[in-house]
Amino acid sequence: MADAAETKHEHEEGGEDDEKHVEEEVHGSWAPQVSLPEVAVTTGEENEEVVYKDRCKLFRWDATEKAWKERGTGDIRLLKNRETKKVRVLMRQEKTLKIVANHVVSDVGKMCVLEPNAGSDRSWMWMASDFADGVAKTEQFAARFSNSEQANKFKTNFNAVRTYNGRLAREEAVEDVIPGVVYEKKEESEAAPAAAAAAAHGDSMSVAPQVCPVSGKSGAAASSQSSEHVKITQTTAGEVVTLALPNPKTSWGGRTRVKAILGVNEGLDWIGKVITVNGWAKTTRAQGATLLFIQVNDGSCLSSLQVVLNAGVPGFEEASKATTGASLSFKGVIVKSPAKGQSVEMHVSDPAAHAVKVFGQCEAREYPMSKKGHTMEHLRENAHLRPRSNTISAVARVRNALAFATHNFFQARGFLYVHTPLITASDCEGAGELFQVTTAIPKDSKIDGILATKDGRVDYTKDFFGKQSFLTVSGQLSVENYCVALSDVYTFGPTFRAEDSHTSRHLAEFWMIEPEMAFAELPDDMICAESYLKFCIQYALDNCLEDLQFFEKQYEQGLVARLRNVVDNEFARCSYTEAVELIRQSGKTFEYGLPDWGTDLQSEHERYLAEEYYKKPVIVYNYPKDIKAFYMKLNPDGRTVAAMDILVPKIGEVIGGSQREDNLELLDRRIEEMHLEKASYWWYRDLRKYGSVPHAGFGLGFERLIMMVTGMENIRDVIPFPRWPGHADF
């Protein structure tokens, strides 16, 4: 039965309005835009075009204090001269229009430094959404400055600059796509435009595209390959290796992604180009017997590309039978579209140069994802096809971006990624809600075939692992082993809980991000968790804005503003004791009543603190020891532990963490108090015997984070194949 919260979205996949969520000002999801006041370009600059605009924070180098000083927030525009191709920058600050810079001095990856005219002692820095990979490339970035003094300023202050929205497309930066790789010299006409490279690289310009060995083809095949691939050489272990990667504007197989077309300048740069686009038909419509209109989507972005086919082109007859869901390939020319709501479309009209090919037809009468209204429950029942829906495809792109942001955040800060085991003999949380892993049950499933002891119990000594084993509920205990040897580590993987829950917030299989920091205490843990959460949200805003605008229209009004509220505000902090008092003095009536000291806060209590009292995220810390796990550091008061939860508006708890107990005697006492089997934790206890150190960490349920960022209300809709009681299909 569908949850009540789901039924209001039955229109999710149907109707023409489904495609109208993209505002005209948004030039693709790779480069977020904001609505800015119209700025009159100065007289005589009619030959300039706005190639980028955003709202940003600006910093100026203070020579006296030798530090970057914030100069406020402004609206920034990059104007490119159509003839000279040079770029200048205009900034609106305090309702005045100023020329900030006449040229871009440095623009590497996610950073650019804007200098005024030569001879000035001022330097303006505009920082994009993140600088995760910049930590490792500081020397490379600094080398782009015009003099050594500026380079030293940059290196000294690199970590002090506050990041903000946006990213600039690089005009000439092909050499920076893959650090350490030398590109073969090509003719000017072969060089891929950086804007297309930015779109093709999807969520981050800092990601090196996948590489594959050159096939060794020669003649016509080699010529064909060179037009679709960029050859590079790389020295590995003293051996020069030639590799090939897709041309930045294309994908594997020579096709051009829809996102690469629509994500830059609304596709206008592609007008007149003959390209190949592959994908699945979202809608099909015939106009007489000579024209066919197909909206094609390849999953690279939310928007679809309209293809107009003329009778007479190869494959037209077969394509005319295509319905929603059919897979096709189109070779045609990009033209300016006369239709409202789209800037360009593809015309497949020249029988000699254009063609259409149907990879697979789709039986319309049986297709579960036909173009009509579908409930979220219907999509779950057809989980193998639901990625073709707008909602689930958008969720998938946001999920991908948040996963990448997670690794980006920790890797840039020196953390090591550790793969922790999925099978364990320990109950990390002590809750006992574990899935058992066993081969003791015979293949014929007959009870009399189960190996048993004399007292009738299952004989686990003869089981596969020689003891009772389970699927893990957390990788934390395991990753701690590496923390006390490698200092800063994290794990990111699936976890399992056999909780018989049918709520919209629980899954039996879910993913956890769990960092662990050596020589760190609870305040360090709070800072890291807050920084990580802001980083991920900002990354989604910068790289998935089109999808977030869709969620805002279809699911949660004000979503983007809510996310910006999290990013832009310092998190409040209050102790558990203070939190209980605030709730009890609120004068509100709660479904679960007012909390007493020593009881868990319910979701409604958490949301009151974040949404109504603080009106922003809040970190609650120092919880009663009896409601927290055994491994949390006991505070001097003997009643509370050094634990914290991050509560955010609309969601409630998203992160839980603590300083870990590093005293063996106190740890043993907690294990006994919680009636756990001490022998099962012998290796965990050893960590306190041999060079114990203070350390802290936290855990974040990845699906909870996705719910927070997308506004989706049911956790089953933010994981590809949800598992909950009674459901393990697909």
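The secondary structure of the protein chain comprises 18 helices and 28 strands, where helices (H or I, at least four residues) and strands (E, at least two) are DSSP runs numbered from the N terminus. The model is a predicted one, in which local features need a pLDDT of at least 70 and side-chain atom pairs count only at pLDDT 80 or more, whereas totals for chains, interfaces and linings use all residues. Residues are numbered from 1 along each chain as its sequence is written, and side-chain values use heavy atoms, with hydrogens and water left out.

The pLDDT, which is the predictor's confidence in each residue on a scale from 0 to 100, averages 75 over the protein chain, and 65% of the residues score at least 70. Over residues 1-44 the pLDDT is below 50, and this stretch has 119 contacts in the model beyond near neighbours in sequence, a contact being defined by heavy atoms within 4.5 Å.

For the chain as a whole, buried residues make up 52% of the 730 residues; buried denotes under 20% relative accessible area, exposed over 50%, and partly exposed the range in between (1.4 Å probe, protein chains only). The protein chain exposes about 33500 Å², of which carbon and sulfur atoms supply 51%, with accessible areas taken from the Shrake-Rupley method with a 1.4 Å probe and, for residues, only the protein chains shown counting as cover. Among contacts between residues at least 6 apart in sequence, 66% join residues at least 24 apart.

Two regions of strand pairing were examined, with strands taken to pair if DSSP finds at least two bridges between them. Strands of a sheet pair through backbone hydrogen bonds, either parallel or antiparallel. Strand S16 (residues 344-348) is mostly covered, 4 of its 5 residues being buried, and has pairings in both senses. With strand S14 (residues 305-310), S16 runs parallel and is joined by 3 bridges, and Val-308 stands opposite His-347 in S16. With strand S15 (residues 327-336), S16 runs antiparallel and is joined by 4 bridges, and here Val-335 stands opposite Glu-345 in S16. Elsewhere, an open sheet of 3 strands has the order S19-S21-S20 with antiparallel pairing. Its edge strands are S19 (423-424) and S20 (436-437), each of which pairs on one side only. The antiparallel pairing of S19 with strand S21 (residues 469-471) extends over 2 bridges, and Phe-470 in S21 is the bridge partner of Thr-424.

Among the helices, H13 (residues 559-568) is mostly covered, with 7 of its 10 residues buried. The buried residues of H13 are Leu-559, Val-560, Arg-562, Leu-563, Arg-564, Val-566 and Val-567, and they pack against helix H11 (522-543), helix H12 (545-554) and helix H18 (702-710).

Several loop residues were considered individually. Arg-255 lies in the loop between strand S11 (239-246) and helix H6 (258-262), and it counts as buried because its relative accessibility is 19%. The side chains of Arg-255 and Asp-298 are joined by a polar contact of 3.1 Å, this term denoting a pair of N or O atoms within 3.5 Å of which, within protein, one must be able to donate a hydrogen and the other to accept it, residues adjacent in sequence counting only if both atoms are side-chain atoms.

Positive phi values were found in residues other than glycine. Lys-615, with phi near 60°, is located in the loop between helix H15 (603-613) and strand S25 (618-624) and is exposed, because its relative accessible area is 55%. Phe-730, with a positive phi of about 60°, lies in the segment after H18 and is partly exposed at 46% relative accessible area.

With a disulfide defined as a pair of cysteine sulfur atoms within 2.5 Å, the count for the model comes to 0 disulfides. As for individual cysteines, Cys-301 is buried, with a relative accessible area of 5%, and Cys-483 likewise counts as buried, at 1% relative accessibility.
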